[in-house]
Structures are given as C-alpha cells and as structure tokens.
Amino acid sequence: MNFFYSKDNLGASHFKHDKARGRFVEGAQNEIAVVPDFHKRILFSDEAHFWLNGYVNKQNCRIWREANPQVYVETPLHPEKLTVWCALWAGGIIGPYFFKNDEGHNVIVNGDRYRAMITNFFIPELNNHDVQELWFQQDGTTCHTARARIDLLKDTFGDHLISRFGPVN
C-alpha cells in the first residue's frame with residue numbers, strides 16, 4: 001500500500017512532525033553512508049504499560065484480522081498496571097526496568113522517576129556494555145524531554161542523543 005501525505009490532508013502539527021522525521025531520515029542516511037552499521041548502533045528505548053487485569057493496550061499491541069471482530073472490552077476506571085522500560089539495539093537489551101516506588105508498589109513514569117531510572121539503572125548498565133559509538137533514542141514524552149533529563153542524557157551520549165529537544169530531533 002502506498003500512502004501519500006501532504007499538508008492538505010494532514011493537520012499542520014502532523015506536517016511539522018513529518019518534516020522533522022524527513023530531516024532525521026536524511027541525517028541517518030548520511031550517517032549510514034559514512035558508518036554502514038549505523039542502524040545497529042541505535043539504542044531504541046520506550047516504556048509499555050501492562051494492565052494486571054488482562055486488558056490489552058491497543059496502542060502498543062496490534063491484532064491483524066481479515067474481519068473486524070467488533071470486540072467490546074469493559075475495564076475498570078483505574079486498573080492496576082505495571083510500567084516497564086527497556087532499551088534494545090543490535091548488541092542486546094538493557095532492561096527491563098520496572099517502575100515501582102520505595103514500598104514496591106507499581107507507579108507511573110514521571111520526570112523524577114525517569115531521571116532516577118536513568119541515573120540508578122540505565123547509566124550503570126551501560127558500563128557493562130561497549131557503548132562508545134552508541135546513539136540513544138527516546139520518544140518525545142514530556143518526562144523524557146525536560147531540560148534536566150536532556151542534559152543528563154547529553155552528559156552520557158553527547159551529540160548521540162535522538163530526542164525531542166535533543167541534539168538530533
């Protein structure tokens with residue numbers, strides 16, 4: 001299937017993001033021309049929520065079927081969930097990291113918890129790997145892209161940070 005996106009059929013916000021993605025792809029292609037295994041050097045990171053009542057987050061899980069099953073799932077207003085982070089690249093996986101508070105209860109990610117995970121888990125784990133040439137990628141979630149988190153990651157990765165408000169947007 002071919003999809004054509006233009007400013008006319010997408011909102012201005014989507015067009016702006018498509019332009020940024022286009023610039024990133026162009027930069028990545030230039031990097032691949034110099035370093036052919038560039039794509040193997042990117043640490044891709046993200047979190048996922050796992051609901052403990054059996055609910056499946058359709059944003060993170062796609063089910064492909066020939067026909068629409070018209071499934072209706074009733075969920076509680078505030079079901080307990082577990083948030084898990086990991087980073088992966090051609091050389092392996094760092095994680096998983098489970099977000100829990102001091103009492104061991106599951107918690108959601110916020111800026112302080114993300115900083116603590118980076119400082120106390122991720123950076124020490126990097127010391128167990130040969131990461132001299134690695135790039136780190138994270139999504140644009142607000143708790144990831146606050147100045148303090150970007151500065152912390154730039155201290156570790158320098159210009160090899162792929163993030164909103166990072167050296168590579």
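Reply:

**The sheet and its helices**

Eight bridges join strand S1 (residues 42-51) to strand S2 (residues 81-89), and the two run antiparallel; strands here are DSSP runs of E of at least two residues, helices are runs of H or I of at least four, both numbered from the N terminus, and two strands pair if DSSP finds at least two bridges between them. The model is a predicted one, in which local features need pLDDT of at least 70 and side-chain atom pairs count only at pLDDT 80 or more, while totals for chains, interfaces and linings use all residues. Residues are numbered from 1 along each chain as its sequence is written, and side-chain values use heavy atoms, with hydrogens and water left out.

Within the pairing of S1 with S2, Ala-48 stands opposite Val-84 of S2, and Ser-45 has Ala-87 of S2 as its bridge partner. On from there, S2 pairs with S3 over five bridges, again in the antiparallel sense, and a hairpin of two residues joins S2 to S3; Leu-88 stands opposite Ile-93 in S3. Taken as a whole, the sheet is open and has five strands in the order S3-S2-S1-S4-S5, with mixed pairing. Its edges are strand S3 (92-98) and strand S5 (161-162), each of which pairs on one side only.

Helix H2 (residues 111-126) packs on this sheet and touches S1, S2, S3 and strand S4 (135-137), its direction making about 145° with that of S3. Contact means heavy atoms within 4.5 Å, and axes are lines fitted to C-alpha atoms, for helices over the stretch in contact, with angles from 0 to 180 degrees between N-to-C directions.

H2 also packs with helix H4 (residues 147-157), at an angle of about 10° and with the axes 10 Å apart. That angle makes H2 roughly parallel to H4, a term for angles under 35 degrees. From H2, the contact draws on Gly-111, Tyr-114, Arg-115, Ile-118, Thr-119, Phe-122, Ile-123 and Leu-126, and from H4 on Arg-149, Leu-152, Leu-153, Thr-156 and Phe-157. By class, the contact of H2 with H4 has eight nonpolar, three polar and two charged residues, where Ala, Val, Leu, Ile, Met, Phe, Trp, Tyr, Cys and Pro count as nonpolar, Asp, Glu, Lys and Arg as charged, and the others, Gly among them, as polar.

Terms used:
Parallel < 35°, antiparallel > 145°, perpendicular 65-115°, else oblique.
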